[in-house]
Amino acid sequence: MKAISVPLACVLALGGSACVACAHLIGDDSHDGTAPHYDFSIAPPQAVQLRGSQLRGDVILMAQAQRPLQPVAVNALPAMAAPFQAFAPKVKVRADGQFLYVESDGMPAHNMMVGITSWQQQVPLPQAYAGNNAWRIPLSPVPSKNPVSIKGRFLRGAVAIAVNGIPIFNPQNNRGEVSQEIGELDQWGGHCGRADDYHYHAAPLHLQGVVGRGQPIACALDGYPIYGLAEPDGSTPSKLDSFNGHETTALGYHYHGSTKYPYINGGFHGEVVERDGQVDPQPRAQPVRQDLPPLRGARITGFTAKDKSYSLKYDVSGETRYVNYVLNDKGSVKFDFVDGRGQVRSETFTPRPGGGGDRPPGEPKGKGGQRKGPGKGDRPPPPPDRGEARPSGGAGGAVAMASYTPKRTGNFALLSSAVASGGALPVEFTGDGASVTPPLEWVGAPPGTKSFAVIMHHVPGPGETKWYWTLYNIPADVRSLSKNAQGVGTLGNNSVNGRAGYAPPHSKGPGAKTYILTAYALSAPVQISAPPSQVNRDVLLAAMKDLILDSAELKVVYDRTAVTGGQKQGGRKP
Ligand SMILES: [Zn+2]
Ligand SMILES: [Zn+2]
């Protein structure tokens, strides 16, 4: 392998004559898999190498800037447009008097995904951040009278947009964990959300090498720019406020990225509109497939891209597996899931017509409030979800959720000593074992909590919900439930046999299923006149909807085929 350093602006091929200037080629075996997650010290990924059989010889190309950074004001665009223009033509900018609009397909030119050790099985897919769905940045940011921190807030959607057209989310994921610190991020500070949308959760400091120190690497959605670790003159920023921002004569108010929390603007100095837990408005990502549960123990070791073909390589359970996928015309995506023995399972996903792929077809658009029976017809949580896994646990779960979004600050957490979040539910707690309830504990209940409730449910498909455990009026001083909990709180019914009590997961369908345990911290005991045997999930949700101070979720996975060896199960209901 020859090493070569190339100037920023050019693209060249070694050992071959093909011009690959426009191909989107990424992937670097020699680099892949080195750092556990975002390594702030890595050099800007200006040059990436592609090796292997698909090309004649080794190729090194410049995948970042297609041309040198233009001097500011080559046209009528505002100065803020300049750093984005370094990524033209992949990133397009336009402006009206009020806003700068940024369009991109959400796919960075650098490599992705490598180094992730906490993975939800999503892969990067292009997104249509264009036209009416472009990013929008106020050209004249207005300092807010009440600047808001993003700690525990704005956990959905982006808080900033990087100059390469990639959204930047809160450093906390939607469960309130700091993504960077739990292995969710790749070496570039990014990963994919539930719409297979790539985004960062930290300042993409590596872009500084592309745009130069004098330019910001991102812009917060309040309109204030985000610079790298240094000022344009190379000096260290001084007197940063708690949002990583400050005012200087040269630049006015601006933020800086950092290598520790908050990693990015820690709040909004400027005015933003907060709606449904995110800055509003902002573009939405469009999923083509259902989101998947976390794959425990997986580690992503490689990612390559060539034109519209991608290959993600990962290790799990001592095996090396691949997700290979190809983008077809009209937005459909063909996936080949390759297991450790080389066996391939293929699946093609086609975007739903009419957009809004978050929402299953046929779902009522109107306001909720009307109960149509268990799990049917409820309105989903309102917002255009920007692809992050949704608090209520997946597209289906969101649909079947009641007609409100339970408050979730991220400070309240639900844990189990028997199973980690996203982990496999031990057989003991299922219909294949002792059928007892799993041990649970919760932490971080808000002040003023007067009682707790717990629900366990599963969403078999759009518009459907099954529930296995409804427990309410758990006294405020209770912080945990032991295994096979008895005599604590009031037991509602389950959808398996309709009787009060716990029904263990015992699905007769094949494959892994995700069960969602949710704990609610309530401002008062729940008042329900119906007998407990008639209290289903919807009844309980309706009764406590105005009492929810905070909620937390623990998702667990159970795959009966692993237990039963795939043998046919007779008529027992799940
Ligand atoms: Zn994310
Ligand atoms: Zn500064």
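Visitor: In which sense do strand β13 (residues 245–248) and β14 pair, and over how many bridges?

Guide: They pair in the antiparallel sense over 4 bridges. Two strands count as paired if DSSP finds at least two bridges between them. The strands are DSSP runs (E, at least two residues), as helices are (H or I, at least four), numbered from the N terminus. Thr-248 stands opposite Gly-252 in β14, and the two strands β13 and β14 form a hairpin with 3 residues between them.

Visitor: What should I keep in mind about the model itself?

Guide: This is a predicted model, where local features need pLDDT of at least 70, side-chain atom pairs count only at pLDDT 80 or more, and totals for chains, interfaces and linings use all residues. Residues are numbered from 1 along each chain as its sequence is written, while chains are lettered from A and ligands numbered from 1 in the order in which they are written.

Visitor: Which strand pairs with β14 in the parallel sense?

Guide: That is β12 (residues 225–227), over 2 bridges. Ile-226 has Tyr-255 in β14 as its bridge partner.

Visitor: How do I read a sheet order, and why is one side of β3 and of β5 left without a neighbour?

Guide: In the open sheet of 3 strands, the order is β3-β4-β5, with antiparallel pairing. Because β3 (92–95) and β5 (135–138) stand at the edges with a single partner strand each, one side of each has no neighbour in the sheet. Neighbouring strands here are turned by 25 degrees against each other on average, direction ignored; axes are lines fitted to C-alpha atoms, for helices over the stretch in contact, and angles run from 0 to 180 degrees between N-to-C directions. Within this sheet, 4 bridges join β4 (residues 99–103) to β5, and Phe-99 has Pro-138 as its bridge partner in β5.

Visitor: Is Tyr-263 buried or exposed?

Guide: Buried means 20 or more other C-beta atoms within 10 Å of a residue's own, exposed means 12 or fewer, and partly exposed is in between, with C-beta atoms placed from the backbone. Tyr-263 has 26 within 10 Å, so it is buried.
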